[in-house]
Amino acid sequence: MFSVDGDIANLPDICALAKKYGAAVMVDDAHGFGVLGDGGRGTASHFGLDADVDIVMGTFSKSLASLGGFAAGKREVIDFLRHSSYPFVFSASVPPASARYLKQHPELVARLRSISEYARTAFASRGLPVLEPAMRRFTPIIPIQAGGTYETCAAARKMFDEGVFVNPFIPPATPEGAALIRTSVTAAHTTAIIDEAADVIAKALLC
């Protein structure tokens, strides 16, 4: 899942190309882990392609709001990484409680999807120009078109002053004149919080 707009890579086509040319597939699931797939298992699970992906990487600093990360793959690949990956040599392992929590609470993934859909509807109902390709509807990253760089930054500041934190994405992360306001929904958000945030965002961008 892309961090700027929440879009999902076309993993089925990527895996098909890899098979055709004898290539390996590695998925950076930093934003997909804990969000997509069965029980939050990630993008490969979302598409039913667990057996077609060779290496999955992810972090616990996003959906789990914790620390650490992981790389999963065949034993020989992981053994190689353990002995040759410089960042891994001096890293610390994730706390066991963080590793267990998502597995013990799969309902959080369903809750996240539900509140994300609610947020998209709430934003759209207020006239906010939400980016909505089909491959993005499952994700809690909801980008809103904002326009110019100065106007986008000024609007984000207004939202912050009203108690709503968003991420302004401006050039070169976006095309000139096509800056975005990125909102990120969590399973802890309520419909009341979403409605309040939607009102603040709409006031800052549309008024």
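A crossing of two helices is called left-handed if the near helix is turned anticlockwise from the far one by less than a right angle, and right-handed if clockwise; by that convention the crossing of α7 and α8 is right-handed. The structure is a predicted model, in which local features need pLDDT of at least 70 and side-chain atom pairs count only at pLDDT 80 or more, while totals for chains, interfaces and linings use all residues. Residues are numbered from 1 along each chain as its sequence is written, and side-chain values use heavy atoms, with hydrogens and water left out. Helices (H or I, at least four residues) and strands (E, at least two) are DSSP runs numbered from the N terminus.

**The α7–α8 pair**

- The axes of helix α7 (residues 149-161) and helix α8 (residues 191-206) come within 9 Å and cross at roughly 145°, where axes are lines fitted to C-alpha atoms, for helices over the stretch in contact, and angles run from 0 to 180 degrees between N-to-C directions.
- On the α7 side the contact is made by A155, K158 and M159, which meet V200, I201, A204 and L205 of α8; contact here means heavy atoms within 4.5 Å.
- Of the residues in this contact of α7 with α8, six are nonpolar, none is polar and one is charged, given that Ala, Val, Leu, Ile, Met, Phe, Trp, Tyr, Cys and Pro count as nonpolar, Asp, Glu, Lys and Arg as charged, and the others, Gly among them, as polar.

**The sheet β1-β2-β3**

- Three strands in the order β1-β2-β3 form an open sheet with mixed pairing, two strands being paired if DSSP finds at least two bridges between them.
- The edges are taken by β1 (26-28) and β3 (69-73), each of which has a single partner strand, so one side of each is left without a neighbour in the sheet.
- From one strand to the next, the twist of this sheet averages 10°.
- Strand β2 (residues 55-59) pairs with β1 in the parallel sense over three bridges, and within this part of the sheet V27 stands opposite V56 in β2.
- Helix α3 (residues 75-84) packs on the sheet, where it touches β2 and β3, and its direction makes about 140° with that of β3.
- The pairing of β2 with β3 is antiparallel and extends over five bridges, with A71 in β3 as the bridge partner of M57.
- Four of the five residues of β2 are buried, so that the strand is mostly covered; buried means under 20% relative accessible area, exposed over 50%, and partly exposed in between (1.4 Å probe, protein chains only).

**The sheet β4-β6-β5**

- A further open sheet of three strands has the order β4-β6-β5, with antiparallel pairing.
- Here β4 and β5 stand at the edges, and each has a single partner strand, so one side of each is left without a neighbour in the sheet.
- Direction ignored, neighbouring strands of this sheet are turned by 30° against each other on average.
- Strands β5 and β6 run antiparallel and are joined by three bridges, and N167 has R182 in β6 as its bridge partner.
- Helix α6 lies across β4 and β6 and runs at about 20° to β4; helix α8 likewise lies across β4 and β6, running at about 20° to β4.

**Loop residues between α6 and β4**

- T139 is found in the loop between α6 (107-125) and β4 (141-147), and T139 is buried, with a relative accessible area of 0%.
- A polar atom of the T139 side chain lies 3.0 Å from the backbone oxygen of G6, a polar contact being a pair of N or O atoms within 3.5 Å, of which, within protein, one must be able to donate a hydrogen and the other to accept it, and for which residues adjacent in sequence count only if both atoms are side-chain atoms.
- Not counting residues up to four places away in sequence, T139 touches M1, G6, I8, L36, S116 and R120.
- P129, which lies in the loop between α6 and β4, is partly exposed, with a relative accessible area of 29%.
- With residues up to four places away in sequence not counted, P129 touches P143, I144 and Q145.
- The C-alpha atoms of P129 and A202 are separated by 9.8 Å, the two residues being 73 residues apart along the chain.

**Backbone geometry in other loops**

- A cis peptide bond, with omega about 10°, joins P171 and P172, and P172 has its place in the loop between β5 (167-169) and β6 (179-184).
- A65, found in the loop between β2 and β3, has a positive phi of about 50° although it is not a glycine, and A65 counts as exposed at 68% relative accessibility.
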